[in-house]
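Here are some notes for a colleague who wants to go through the model point by point. Please keep the coordinates open while reading.

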Amino acid sequence: MTAQTDPQGSVTTVYKVSGMSCGHCEGAVSGEISEIAGVTSVQAVASTGEVTVASGAPLDDDAVRAAVDEAGFELVGRA
């Protein structure tokens, strides 16, 4: 799946992250990704390893990878 743009111009991208196992993990990943400029919302789900990110424009995958690394996890790629 690639990034999708909704009618309001928001871009939603789903990423796969390995290593998340609990709510604390979800919070750590969400907190780091939410600091990327342009991000409007982040929803991490440990049970699926998916992180849904809404932003005003497409995000640089390297920036997302760096944020996930900073949280202590590994970005596998886009879901």
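1. Burial terms used below: a residue is called buried under 20% relative accessible area, exposed over 50%, and partly exposed in between, with a 1.4 Å probe and protein chains only. The model is a predicted one, in which local features need pLDDT of at least 70 and side-chain atom pairs count only at pLDDT 80 or more, while totals for chains, interfaces and linings use all residues. Residues are numbered from 1 along each chain as its sequence is written, and side-chain values use heavy atoms, with hydrogens and water left out.

2. Overall layout. The chain has two helices and five strands (DSSP runs numbered from the N terminus, H or I of at least four residues for helices and E of at least two for strands), and these follow one another along the sequence as β-β-α-β-β-α-β.

3. Among the 79 residues of the chain, 35% count as buried, and the accessible surface comes to about 4,200 Å², with 50% of it belonging to carbon and sulfur atoms (areas by the Shrake-Rupley method with a 1.4 Å probe; for residues, only the protein chains shown count as cover). Of the contacts (heavy atoms within 4.5 Å) with a separation of 6 or more, 60% are accounted for by residues 24 or more positions apart.

4. The salt bridge. Searching the whole structure gives one salt bridge, defined as a side-chain nitrogen of Lys or Arg within 4 Å of a carboxyl oxygen of Asp or Glu. The bridge joins R78 to D61, with the closest N and O atoms 2.9 Å apart, and it links distant parts of the chain, since R78 is in strand 5 and D61 in helix 2 (residues 61-71), 17 residues apart. R78 is partly exposed at a relative accessible area of 34%, and D61 is also partly exposed, at 29%.

5. The negative patch. E35, D69, E70 and E74 form a negative surface patch, where patch residues have over 30% relative accessible area and no salt bridge, and like charges are joined within 9 Å. Asp and Glu count as negative, and the place of a charge is taken as CG of Asp or CD of Glu. Of the patch residues, E74 lies in strand 5 (residues 74-78).

6. Surroundings of T40. T40 lies in strand 3 (residues 39-45) and counts as exposed because its relative accessibility is 58%. Leaving aside residues up to four places away in sequence, T40 touches S10, A54, S55 and G56; for T40 and G56, 16 residues apart in sequence, the C-alpha to C-alpha distance is 7.0 Å.

Definitions and conventions
Patches are made of residues with over 30% relative accessible area and no salt bridge: like charges are joined within 9 Å, nonpolar side chains (Val, Leu, Ile, Met, Phe, Trp, Tyr) within 5 Å.
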